[in-house]
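Trainee: Could we go through this model one element at a time? I would like to start with the sheet and then turn to the helices.

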Amino acid sequence: MKKITIAIDGYSSCGKSTMAKDLAKEIGYVYVDTGAMYRSVTLYALRHQLFEADGAVKTEELQKEMKNISISFKFNETTGRPDCYLNGELVEKEIRSLEVSSHVSPIAAVPFVREALVEQQQKMGEDKGIVMDGRDIGTTVFPNAELKIFVTASSQVRAQRRFDELKEKGMPADFDAILKNVEERDYIDTHRETSPLRKADDAITLDNSNMTIPEQKAWLMEQYQKAIEK
């Protein structure tokens with residue numbers, strides 16, 4: 001059966017990663033969470049004091065450190081999903097904290113960070129049979145992907161989902177702080193100079209504000225079947 005490249009882009013906290021992971025598992029494809037890659041660089045930067053007091057990135061220092069940052073994914077037999085490792089350390093929980101969420105957009109806006117990670121992502125997808133989610137997959141990483149989905153939902157709905165996710169993991173959560181973070185990230189992601197978040201011309205929009213997970217899964221499978229049959 002022919003293999004294709006599936007690019008899933010969209011706003012933060014839209015559930016892109018969950019839907020991409022589930023779809024990849026369902027169809028036997030490799031899944032890559034590019035957001036986890038940017039979050040890992042952010043975690044490294046936080047641990048090495050590579051932010052100014054006002055939250056700006058110390059770009060010169062970070063550029064020197066990029067060669068020391070290795071990001072990999074290993075399949076987790078228990079969850080049936082890949083986990084993210086930073087320099088060999090499992091960081092799946094650490095990269096989901098609000099502190100990392102609050103600093104990831106400035107890191108993702110740094111051109112040399114994007115260039116380094118995009119290069120890695122393109123190598124991962126050379127053999128197709130991949131589902132990748134992020135902000136610029138359909139526009140920059142895989143502009144020729146056979147299936148492109150652009151996911152959106154209202155900021156209130158997205159903040160609530162993030163709030164519920166953190167509470168479920170037993171992590172501290174403040175709804176107003178999360179909503180502010182979601183809106184700030186939307187602004188930075190859509191206004192950055194390098195690979196801003198935007199819908200690719202040939203992407204299909206999925207507004208999942210009022211969709212259940214089963215409805216979303218059925219919709220995605222339908223789009224996949226159409227793409228495979230082309």
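**Strands and helices**

Mentor: Ile-149 stands opposite Ile-204 in β8. Before going on: this is a predicted model, in which local features need pLDDT of at least 70, side-chain atom pairs count only at pLDDT 80 or more, and totals for chains, interfaces and linings use all residues. Residues are numbered from 1 along each chain as its sequence is written, and side-chain values use heavy atoms, with hydrogens and water left out.

Trainee: How many bridges join β7 to β8?

Mentor: Helices (H or I, at least four residues) and strands (E, at least two) are DSSP runs, numbered from the N terminus. Two strands pair if DSSP finds at least two bridges between them. Strand β7 covers residues 147–152 and runs parallel to β8, and the bridges joining them number four.

Trainee: What is the order of the strands in the open sheet?

Mentor: The sheet has five strands with parallel pairing, in the order β2-β6-β1-β7-β8. The edge strands, each pairing on one side only, are β2 and β8 (204–207). The order asked for is β2-β6-β1-β7-β8.

Trainee: Which residue stands opposite Val-32 in β6?

Mentor: Strand β2 (residues 30–33) pairs with β6 in the parallel sense over four bridges. Strand β1 (residues 5–10) also pairs with β6 in the parallel sense, over five bridges, and there Ile-8 stands opposite Asp-133. Opposite Val-32 stands Met-132.

Trainee: Which residues of β6 point the other way from Ile-130, Met-132 and Gly-134?

Mentor: In a regular strand the side chains alternate between the two faces of the sheet. In β6 (residues 130–134), five of five residues are buried (under 20% relative accessible area, with exposed over 50% and partly exposed in between; 1.4 Å probe, protein chains only). Ile-130, Met-132 and Gly-134 point one way, and the other way point Val-131 and Asp-133.

Trainee: Why is α7 called oblique to α8?

Mentor: The axes of α7 (residues 155–168) and α8 (residues 175–191) come within 9 Å and cross at roughly 125°. Angles under 35 degrees count as roughly parallel, over 145 as roughly antiparallel, 65 to 115 as roughly perpendicular and the rest as oblique. The crossing angle therefore makes α7 oblique to α8, and the value behind the term is roughly 125°.

Notes. Axes are lines fitted to C-alpha atoms, for helices over the stretch in contact, and angles run from 0 to 180 degrees between N-to-C directions.
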